Amino acid sequence: MAEDSDMERTEPATGKRIERAREQGDVPRSRELATCLVLLVGGSCVWMFSGPVVTSLDRIMVAMMSLERAAIYDPVVLMNLISARCLDVAIAVIPLAFLMTLAAMAAPLTLGGWLFNVSSLAPKFSKLNPISGFANMFSVNSLVELGKAVLKTLLVGTVAWVTIRSQLDAVMGLGVESLKTAGAHAAQLLWISFITMVSALIFIAVLDVPYQLWNYGRKLRMTREEVKQEHKESEGDPHIKGKIRAMQRAMARRRMMAEVPTADVVVTNPTHYAVALKYSEGKMGAPKVVAKGSDEIAAKIRELAREHRVPLLEAPPLARALHTHTEIGDEIPEALYTAVAEVLAYVFQLRTYGQFGGTRPVEPTGLEVPKELDPLTAPKKPRGSQRRTRQ
């Protein structure tokens, strides 16, 4: 068996390997995508709910600043007021906090899905190994993360500097505006700056997601030996399955051979095919095939038929048609009723002759078999759908 090195892991991960990794808490993740989504949702929520939240906080602040003299010197009254105002603040920011929490929980669903794995919470002493930790510091993944951090710092810093410089005059002009107008204008400037800087994170997330998917697939790649072993575990060892199928065929053959002595007649080719037929009047709608075979199996059927004095009848076209178009336990095709009826009539006459004597019946010849049922005379089918037949 070849060594499981990274150079030999050329096969993509199978579904079972991916599912096993997922059960262990190993799924593709992009921190940049999650961070970007949380910031976008959080900023949008602040922008949408800023009016009601600011109004509520303003009202709460006014209420806290408008205290009566008695309330200031009464600790009980003061604590009740503070408790009531804290509850008001909580109610004011609950929608914003709820949406932010929802965004933080939904962000992982965008890549890899939401996954809770208890085993990931268990302590792993291997993570405390200083040698492996030192090696991880200089791994390819660590270098990539360092590169992303540097790129993110440079990109966001550059975008922030350009944005602030472009709005410097507007910021300086806030001092000459009224308080209400300046507040609204400042909020607008902050929102523009925020969206511009988050847009830079979107660029990094667009680069990071394909890399994370590629790196996850590379990490789960398998060797050919692992793929073969997993196939054996899921589908079973081909050698064992072959033995099981051989045993099943042997058991079916023994059951089939046990039916030969009960047959009424065996129609032969005369050497390549043998088909045993049985008919019980009142119990069967039509004669049934109880055994059939070719070559060695056909020879064994003929041998058993002779041992148990089952009549043998040479009728090559009928034998070929029965062998090709019937399975064991099937009734004969309706198109062969006439030919098989002649055969059974001969067999019943033969029994009467054996019991009471008289004139020996003549074997039927020239049995009529439709050309489309005889493999030798049937129209040729498209290549790939023909069944191999033997004369």
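**Helix packing, sheet and loops**

The buried residues of helix 6 pack against helix 2 (31-65) and helix 8 (179-219), where contact means heavy atoms within 4.5 Å. Helices (H or I, at least four residues) and strands (E, at least two) are DSSP runs, numbered from the N terminus. This is a predicted model, in which local features need pLDDT of at least 70 and side-chain atom pairs count only at pLDDT 80 or more, while totals for chains, interfaces and linings use all residues. Residues are numbered from 1 along each chain as its sequence is written, and side-chain values use heavy atoms, with hydrogens and water left out.

The residues of helix 6 that are buried are Lys148, Val159, Ala160 and Thr163. Buried means under 20% relative accessible area, exposed means over 50%, and partly exposed lies in between (1.4 Å probe, protein chains only). Helix 6 itself covers residues 140-166, 27 residues in total, and spans 39 Å from its first C-alpha to its last, close to the expected 39 Å at 1.5 Å a residue. The expected span of a helix is 1.5 Å times one less than its number of residues.

Four strands make up an open sheet with mixed pairing, in the order 3-2-1-4. Strand 3 and strand 4 are its edge strands, each pairing on one side only. From one strand to the next the twist averages 20°. Two strands pair if DSSP finds at least two bridges between them. Strand 1 (residues 265-268) and strand 2 (residues 273-278) run antiparallel and are joined by four bridges. Here Val266 of the sheet stands opposite Ala276 in strand 2.

Helix 11 packs on the sheet and touches strand 1, strand 2, strand 3 and strand 4, with its direction at about 125° to that of strand 3. Helix 12 (residues 316-325) lies across strand 1, strand 2, strand 3 and strand 4 and runs at about 80° to strand 2. Axes are lines fitted to C-alpha atoms, for helices over the stretch in contact, and angles run from 0 to 180 degrees between N-to-C directions.

The loops on either side of helix 11 remain. Asp295 sits in the loop between strand 3 (288-294) and helix 11 (296-307). Its phi is near 55°, a positive value in a residue other than glycine. Asp295 counts as partly exposed because its relative accessibility is 31%. Arg309 lies in the loop between helix 11 and strand 4 (312-314). The phi of Arg309 is near 55°, positive in a residue other than glycine. With a relative accessibility of 79%, Arg309 counts as exposed.
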